[in-house]
Amino acid sequence: MDAARTLFRAEGYAATSVDDITRHAALTKGAFYHHFTDKKAIFHAVFEEAERKLMADILAAAKPGDPWTMLRSGCLAFLDLTLEPGLQRLVLREGPSVLGWDVWRSVCTTYSLGVISGGIRAAIKAGLMPPRAPEPLAAAIYGALTEAARYLAQLDDPAAALPGVRAEIELMLQALRTQPGTVPAA
């Protein structure tokens, strides 16, 4: 896994062979095929690992405080974290094409939608967002964040465009918040 992770992030899926992975890991091809059926299977495992780590990093980066602050800062942390070139290549550029859209989306949503839905539920319960069904809103937020990150990943200088993208996401999120001095509808 370590060798595959390093090679996929640096060289990409197409430029990495099973021979490259086994040579880098100092293992035989037999050992590789004992654990993985093919290169796509190890890519899938590396991809899932990257998604789990990304979610853990987002949760660690979310500013402590009220549920709204945590939801907002977690969303912005996602954008910041996905600027890393190896993660962009693995998760945002090659993941959908190597795994296929349905598998890619399933893995991403497994790690993201539950956290976003939980943040929305907590913000609603705290009166920081108007009552609503959290799942459709979580899907919309997730879609906006993912597309924003994919947009940044395609740019020559994503770091230069990050402030503008963050500002747009902030405006979108702010529109969802209960405004101070208003009473949310029941």
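Modeller: Ser117 touches Pro134, Glu135 and Ala138, leaving aside residues up to four places away in sequence. The model is predicted, so local features need pLDDT of at least 70 and side-chain atom pairs pLDDT 80 or more, while totals for chains, interfaces and linings use all residues. Residues are numbered from 1 along each chain as its sequence is written, and side-chain values use heavy atoms, without hydrogens and water.

Biologist: What makes these touches contacts?

Modeller: Contact means heavy atoms within 4.5 Å.

Biologist: Why is Ser117 called buried?

Modeller: Buried means under 20% relative accessible area, exposed over 50%, and partly exposed in between (1.4 Å probe, protein chains only). Ser117 has 7%, so it is buried. Ser117 is found in helix α7 (residues 101–125); helices are DSSP runs of H or I with at least four residues, numbered from the N terminus.

Biologist: Why is Ala26 called exposed?

Modeller: Its relative accessible area is 70%, therefore Ala26 counts as exposed. Ala26 lies in the loop between α2 (18–25) and α3 (29–35), and its phi is near 60°, a positive value in a residue other than glycine.

Biologist: Which helices do the buried residues of α5 pack against?

Modeller: They pack against α4 (39–61), α7, α8 (134–153) and α9 (158–176). Among the buried residues of α5 are Trp68, Leu71 and Phe78.

Key:
Helices (H or I, at least four residues) and strands (E, at least two) are DSSP runs, numbered from the N terminus.
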